[in-house]
Amino acid sequence: MFLDTIVGLFSSDMAIDLGTANTLVLVQDKGIVINEPSVVAVERERYGRQKILAVGHEAKEMVGKTHSGIEAIRPMKDGVIADFDITEKMIRYFIEKTHRRKSFIRPRIIISVPYGLTQVERKAVRESALSAGAREVFLIEEPMAAAIGANLPVMEAQGSLVVDIGGGTTEIGVTSLGGLVISKSIRVGGDKIDAAIVNYVKEKHNLIIGERTGEEIKIKIGCAVQLPKELTMNVKGRDQISRMLSSMELSSEDIREAIQEPLKEIADALKFVLEKMAPDLVADIFKSGVVLTGGGALIRGLDKYLAEIVKLPVYVADEPLLAVAKGTGKALEEIAILQTLANGD
């Protein structure tokens, strides 16, 4: 107990948004100090051993460009840990980078996780952080973290509805009185939207492109509704028939068509949550509307697309990419929320 107290004096508590696409680290009293891709580049050595070559931005630059001896791994898949060992190494790297490689630092850490994670998956996340050097680990579900980060009145007797569209999952939650009243998690997010673009370009235009190009297309010309002025982009890839390098021009209307299916899945999940809500909560949502967070919230016109389907006001939160990380950080500072999380675990 005395040793833990002494160790605590040398630690800076951390909040981690451990996302499929990106990992954000927030340190108490310092704000967000790390925002990097959740990618680890490893070199395969003899006897099955792995040597870490790069983590984050540097590792993502290697995706699709490595030789057979090097692999760029995304250890998180659909919001959960797909590779326990690599996830532990990634968390350790971010802890050491945050604290400038001071090995004696053992911070208290709170990590955001998708709603509905199994006990086995929750244990895997917690053990990864403990093995990476945390002295104590709390978990907060992403819909609650997103709502807190979007400055919704989660502790009040008032219903608030948040839709967080991340890389691997979309998390939908209704909060009231410090808890999640209704939640739903679907394994549809930025990755599935990128894949839909890649498949569309291949099937409609016989052009083979990589996942990084699919993401770039989404960011530059992706849209959920018809835009007042159509956007275009020149895309390079390999012709599926001739196998030669080729290029073509894509429009925002092409991408709107390409991503209809994953957007419909998100809309259907939102409708499901609305149908399960108590009448008094529905009345609150009619007043406050639906708030979008996460990278997917930045798709042009997604708020209008969803508003038309659910017949409710839909808004994009300020800094939607940072909402979960900020909410996770605020929970670290709020003793009442932290105690609720501890009791919940």
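Me: Good to know. What ground rules apply here?

Reply: This is a predicted model, in which local features need pLDDT of at least 70 and side-chain atom pairs count only at 80 or more, while totals for chains, interfaces and linings use all residues. Residues are numbered from 1 along each chain as its sequence is written, and side-chain values use heavy atoms, leaving out hydrogens and water.

Me: Why is H6 called roughly perpendicular to H7?

Reply: The axes of helix H6 (residues 190-205) and helix H7 (residues 211-221) cross at roughly 100 degrees and come within 8 Å. Angles from 65 to 115 degrees count as roughly perpendicular, under 35 as roughly parallel, over 145 as roughly antiparallel and the rest as oblique, so H6 is roughly perpendicular to H7.

Me: Which residues of H6 and H7 meet?

Reply: Gly-190, Ile-193, Asp-194, Ile-197 and Val-198 in H6 meet Glu-211, Gly-214, Glu-215, Ile-217 and Lys-218 in H7. The residues of this contact divide into 4 nonpolar, 2 polar and 4 charged. Ala, Val, Leu, Ile, Met, Phe, Trp, Tyr, Cys and Pro count as nonpolar, Asp, Glu, Lys and Arg as charged, and the others, Gly among them, as polar.

Me: Why does Glu-88 count as buried?

Reply: Buried means under 20% relative accessible area, exposed over 50%, and partly exposed in between, with a 1.4 Å probe and protein chains only. At 18%, Glu-88 therefore counts as buried. Glu-88 lies in helix H3 (residues 84-98) and touches Ser-128, Ser-131 and Ala-132, not counting residues up to four places away in sequence.

Me: And how do you know whether Asn-151 is buried or exposed?

Reply: Asn-151 has 58% relative accessibility, so it counts as exposed. Asn-151 is found in the loop between helix H5 (142-149) and strand S11 (160-165), and its phi is near 65 degrees, a positive value in a residue other than glycine.

Me: What about Lys-311, buried or exposed?

Reply: Lys-311 is exposed because its relative accessible area is 56%. Lys-311 has a positive phi of about 60 degrees although it is not a glycine.

Key: Axes are lines fitted to C-alpha atoms, for helices over the stretch in contact, and angles run from 0 to 180 degrees between N-to-C directions. Helices (H or I, at least four residues) and strands (E, at least two) are DSSP runs, numbered from the N terminus. Contact means heavy atoms within 4.5 Å.
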